[in-house]
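Biologist: I am new to this structure and would like to learn how to read its features one at a time. Could you show it to me and then begin with the packing of helices?

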Amino acid sequence: QPTINCTAGSNMVQGVVVENGVIQNINPATGQLIEPVVNVTSPEELENIISAANASQPSWSDKTLSERIEAIRQGLIAVEPIGDELASVITEEMGKVSAEAKLEVSNAIGLKDGWLDMVKEANEDVHLGGGEEGKAESIVVRDPLGVVVVISPWNFPAGEIPFLAIPALAAGNTVIVKPSEVTPRSGELFCRALASSLPEGVLQVVQGDGKTGEQLISSDDIHMVAMTGSTATGKKIMNVCSKKLKRLVLELGGKDPMVVFKDADLDKAANDAVAFSLFNCGQVCCAVERVYVDESIQNEFEQKVLDVAKKYKVGNPTDADTTIGPLASQVQRENISKQVEAAVKEGAKVLYQSDCPDDRHANFYPVTVLSSLKQVMPIQNLETFGPVVAMSTFDGTEEAAIEMANSSEFGLASYVYTTDLTKGSRVARKIRSGQVGINCYSVLEAQPACPWIGHKQSGFGSHSGMDGFRSFSVPKSIVFTTNAPK
């Protein structure tokens, strides 16, 4: 198969070449073209899809909430038989190691149980007042918005779609998903399985780049947009949607800090600093991207981090002993290289860089551990999204820890490590981010009812949790002067 030069071609988006109506889908571990190719949805096809979504929406919303939830549950069950195929496609398209790809698919299927029941609960009617005395009663019901567009990311091409699409469907909306052009087949494969139990037109997929996405969200017949992706893209979406005041849920970028106090369990802190800087090759919006270590334990902590980092192996994502696969694109690799090189030029120390395959057509980058970073460096302010553990120190005080953690335009998640839980809670309350994990990686340990939301430039609106589930509908109060009818 031919290799593709991702720095040339027409209509480049995120390093992906879209040419002659075809997405040049590239395996990041080999640089080879993945077949079959994925055709871009034409403007005419897009209009037909939007019309079908609007035509199907009234009858879908007329179904009872229980009927909609059961149809969605069956759709998630339908993903199970294609689970291995889907995981393989994820690995092929974005380089995720096989074990992590299988975990992503398994977690998505697992939403069919308790999580889906919470989505149902969030959309149920709420009765206020009333009682045996015949007092006035009000019922808060939830109206669907209409047609919801879901723009999904490439870093979790199957795992992120249900967090946006399923609450939208449960609320009675129809949904159009545009997978990232980096992972078009993964997103479509998942959505086709999910849609198999739904009426025609209720869940559809379109393929394309930013031009397709802009045409889609600009339509007057689209009523809400939910997106997981970069802050820059989120701002563009907000600008387009502002003209019609369309509802939005935007989960955007992060530059998530981890604070390590001297009384922390240093073995656990070091393990987590490495594990959650490197998970998914560091391509996670809530990855640990800034590690602030009490200066009195710097040497000890850095050695523990090195001991852990050296256990990771960069290589072919399908090999059982590989723990870090390639980055999703050459653009990602070049961006990380520039950040690391600039940091070193400005005085950062490279404590470690692993071996990695030397293939100019592939997108491998070594596990890298940096120390002595300064707050003014780009690597401390811009999303890195790569396999880099970035460490600097603070004076050990709570005030300094809070100041350092908040010294970013982002605020998605944060992490505080200390054996003094009262101190941890005190610091967490003053950090401006949507979640703060105390001695843990919050996204893995948070209760399912917790919302997922970004402060500052990390998001707009929220998804997940009871509040997030309700973001895809509008509350309406039906008011009676007596008890409401049963």
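Modeller: Helix α10 (residues 266-278) packs against helix α11 (residues 298-309) at an angle of about 50°, and their axes lie 9 Å apart. Axes here are lines fitted to C-alpha atoms, for helices over the stretch in contact, and angles run from 0 to 180 degrees between N-to-C directions; helices (H or I, at least four residues) and strands (E, at least two) are DSSP runs, numbered from the N terminus. This is a predicted model, in which local features need pLDDT of at least 70 and side-chain atom pairs count only at pLDDT 80 or more, while totals for chains, interfaces and linings use all residues. Residues are numbered from 1 along each chain as its sequence is written, and side-chain values use heavy atoms, with hydrogens and water left out.

Biologist: What does the angle make α10 relative to α11?

Modeller: Angles under 35 degrees count as roughly parallel, over 145 as roughly antiparallel, 65 to 115 as roughly perpendicular and the rest as oblique. The angle therefore makes α10 oblique to α11.

Biologist: Which residues of α10 and α11 meet?

Modeller: Contact means heavy atoms within 4.5 Å. On the α10 side are Leu-266, Asp-267, Ala-269, Ala-270, Asn-271, Ala-273 and Val-274, and they meet Glu-300, Phe-301, Lys-304, Val-305, Val-308 and Ala-309 in α11. Sorted by class, this contact of α10 with α11 has 9 nonpolar, 1 polar and 3 charged residues, where Ala, Val, Leu, Ile, Met, Phe, Trp, Tyr, Cys and Pro count as nonpolar, Asp, Glu, Lys and Arg as charged, and the others, Gly among them, as polar.

Biologist: At what angle do α2 and α7 pack?

Modeller: Helix α2 (residues 65-79) and helix α7 (residues 184-195) pack at about 130°, with their axes 7 Å apart, which means that α2 is oblique to α7. Ile-72, Gly-75, Leu-76, Ala-78 and Val-79 in α2 meet Phe-190, Ala-193 and Leu-194 in α7, and the residues of this contact divide into 7 nonpolar, 1 polar and no charged.

Biologist: How should I read a nonpolar core, and which residues touch the most other members of the largest one?

Modeller: A nonpolar core is a set of buried Ala, Val, Leu, Ile, Met, Phe, Trp, Tyr and Cys residues joined through side-chain atoms within 4.5 Å; buried means under 20% relative accessible area, exposed over 50%, and partly exposed in between (1.4 Å probe, protein chains only). The largest core has 58 residues, of which Trp-115, Val-175, Phe-190, Leu-198 and Phe-472 touch the most other members. Its largest share, 7 residues, comes from helix α6 (residues 161-170). Apart from this core lies another, of 54 residues, among them Ala-29, Val-369, Met-377 and Tyr-441.

Biologist: What about the backbone: is Leu-245 buried or exposed, and is Phe-385 buried or exposed?

Modeller: Most residues other than glycine have a negative phi, and most peptide bonds are trans. Leu-245, although not a glycine, has a positive phi of about 50°; Leu-245 lies in the loop between α9 (231-242) and β11 (247-251) and counts as exposed at 74% relative accessibility. Phe-385 is likewise not a glycine and has a positive phi of about 60°, but it sits in the loop between β15 (368-371) and β16 (388-394) and counts as buried at 11% relative accessibility.

Biologist: Which peptide bond is cis?

Modeller: The bond from Glu-35 to Pro-36 is cis, with omega near 0°, and Pro-36 lies in the loop between β3 (22-23) and β4 (38-39).
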